Amino acid sequence: MQNNAKKILVAMHLGNGYGSQPGAWRMPGVDPESFTNFDVMVKQAQAAERGKLHFLFFPDGPASERDIETQPPGPNIDVMMTMAAIARETKRIGLVATGSTTFNEPFNLARHFKALDVMSHGRAGWNAVTSSTDDTAAYYGKRIPSSEERYGRAHEMIQLMQALWGSWGKDAWVHNKENSEFTKKGAINAINLQGEYVGASGPLYVPPSAQGQPVIVHGGGSPNAHELAGRFANVVVGATFTIDDARAQRKAFRDAAKRYSRDPDEIKFFAGLMTTIAKDRRTALDRRIQLTESNFPERVAYLQRMLGIPLDINRLNEPLNQAQLTNARPSPYDPRSAHALKIAKEGWSLRDIIAHGVIDYHPVIVGPGVEAADHMQEWFEAGAVDGFWITPDVNADGIDAFVDEVVPILQQRGLFHEDYEGETFRANLGVPDQYGIDPRIMNHKNK
Ligand SMILES: Cc1cc2nc3c(=O)[nH]c(=O)nc-3n(C[C@H](O)[C@H](O)[C@H](O)COP(=O)(O)O)c2cc1C
């Protein structure tokens, strides 16, 4: 492949500081205080930057689904504080944090994200999500609003925040000591916008960052998400299990961008990928077993439903028998089922089938780095993705494993950049500059 050919974009999910698997916090070499230890999180960020990854990704939301007595909460202690700590100790990697469009006011979120963008010299991204559960709403003493209201508010929030970001004129800050001119006269303007859901008059007293203003990211996949991201986002973090589905999702976002008079290449679709990288499949499976064994009873029960056959928790060491394999029917309600059956038919024991990660949030690589590189190459060359967001099993050594075992293979194949293209997140993503509201979307009415 030529040097100037399009390359795969890669992000790293850091989350709560331990890793994606429930047993990550108890693994050897893991600081059990990683949840509150900012030095640990900075070290993880630096490991991802060593691999030239494009951005770090922090989801955010309710933590209540986990058993806090035995497992850490899923979300990070505070995504903006963590990003601020990381911003000071890294130079090139993008910093994407999640902020709800339903439970924040435009002014406070605009201020936080632009301050992060200034502090990081133009590396911030905002994952604008509408929050979709009553669990989240309960934190604010509220019930979750209807989808129409959430997305109506989201369209207004993003426009208002971008208007606030642009309210400090791009060339306004002269800070000339000689003639006592701090800002150019009339170059910082009120915005006076009042929508159906949110309003602000501004101005926001934060000057432009090195990239102007933060990049808009969206995590989602529903038709509402297509419209929101198609209109505003440069990055979509998606969840998808097959090439066909990823290709369809990517196309839906690109088509939506066209509807808003944008170039579809301005929106980059990232699929999730979870990793347990080890020297061979057996070592990787044993690591996953160590990490997830406490969940096996519920996973076996769930696998029964995915395959439509009874399974015996007391026969974890045995492969499925011929009758089970003949009678198995992948559930049409779970997109992971066909893959689970494929693994079962390879003759792995019940324990190993589950250890392949057949019941996880994204496709899972359990094996040597080349398997991750092959997966990424296949999806990328099929036009299914622009990039991947990687979720390691254990951050403490899983980020290094990706950087040392997968990145060099992708680079040798000409599929991943050798170094950052520029200094800002926009430059490294290859998306256009923007300051204030994008004039191209102004003629489109809010949904
Ligand atoms: C990959 C991905 C990441 C997401 N990250 C978050 C998140 O961090 N916080 C959150 O509240 N919602 C998150 N969401 C949920 C979406 O914002 C959205 O609520 C969900 O996809 C349901 O769609 P709906 O709101 O149209 O019903 C994420 C969704 C996806 C697919």
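Which residue ranges does the domain assignment of the protein give to domain 1 and to domain 2?

1. Domains. Please keep in mind that this is a predicted model. The assignment puts 9-168, 194-278 and 368-441 in domain 1, and 281-355 in domain 2. Between the C-alpha centres of domain 1 and domain 2 the distance is 32 Å.

2. Domain contact. Where domain 1 and domain 2 touch, domain 1 contributes 12 residues and domain 2 contributes 11 residues. On the domain 1 side, the residues divide into six nonpolar, four polar and two charged.

3. Ligand shell. There are 20 residues around the ligand, and those that come nearest are Pro59, Val129, Ser132, Gly219 and Ser222. Two elements, β3 (94-100) and α6 (223-232), each provide at least two residues of this shell. What is the make-up of the shell by class? It has 14 polar residues, five nonpolar ones and one charged residue.

4. Helices α1 and α2. Helix α1 covers residues 38-50 and helix α2 covers residues 79-87; their axes are 9 Å apart, and the packing angle is about 60 degrees. An angle counts as roughly parallel under 35 degrees and as roughly perpendicular from 65 to 115, and α1 and α2 are therefore oblique to each other. Their crossing is right-handed. From α1 the contact takes Phe38, Met41, Val42 and Ala45, and from α2 it takes Thr82, Ala85 and Ile86. By class this contact has six nonpolar residues, one polar residue and no charged ones.

5. Helices α2 and α3. How are α2 and α3 oriented, parallel or antiparallel? Helix α3 (residues 106-119) packs on α2 at about 10 degrees, with the axes 10 Å apart, and α2 and α3 are therefore roughly parallel. On the α2 side the residues are Met80, Met83, Ala84 and Ala87, which meet His112, Leu116 and Met119 in α3. The class count for the contact of α2 with α3 is six nonpolar, one polar and no charged residues.

6. Helices α1 and α14. Helix α14 spans residues 395-405; its axis and that of α1 come within 9 Å and cross at roughly 10 degrees. That makes α1 and α14 roughly parallel. Gln44, Ala47, Ala48 and Arg50 of α1 make this contact with Asn395, Ile399, Asp400 and Val403 of α14. Here the classes are four nonpolar, two polar and two charged.

7. Backbone. Most peptide bonds are trans, and most residues other than glycine have a negative phi. Two places in the model deserve a look on that account. The peptide bond between Gly202 and Pro203 is cis, with omega about -5 degrees. Pro203 belongs to the loop between β8 (199-200) and β9 (215-219). The other place is Asn192, a residue other than glycine with a positive phi, near 45 degrees. Asn192 sits in the loop between β6 (181-183) and β7 (193-194).

Methods:
Residues are numbered from 1 along each chain as its sequence is written. This is a predicted model: local features need pLDDT of at least 70, side-chain atom pairs count only at pLDDT 80 or more; totals for chains, interfaces and linings use all residues. A residue is near a molecule or strand if its C-beta atom, placed from the backbone, lies within 6 Å of it. Helices (H or I, at least four residues) and strands (E, at least two) are DSSP runs, numbered from the N terminus. Ala, Val, Leu, Ile, Met, Phe, Trp, Tyr, Cys and Pro count as nonpolar, Asp, Glu, Lys and Arg as charged, and the others, Gly among them, as polar. Domain bounds come from an automatic or database domain assignment. Two residues are in contact if their C-beta atoms, placed from the backbone, lie within 7 Å. Axes are lines fitted to C-alpha atoms, for helices over the stretch in contact, and angles run from 0 to 180 degrees between N-to-C directions. Angles under 35 degrees count as roughly parallel, over 145 as roughly antiparallel, 65 to 115 as roughly perpendicular and the rest as oblique. A crossing is left-handed if the near helix is turned anticlockwise from the far one by less than a right angle, and right-handed if clockwise.
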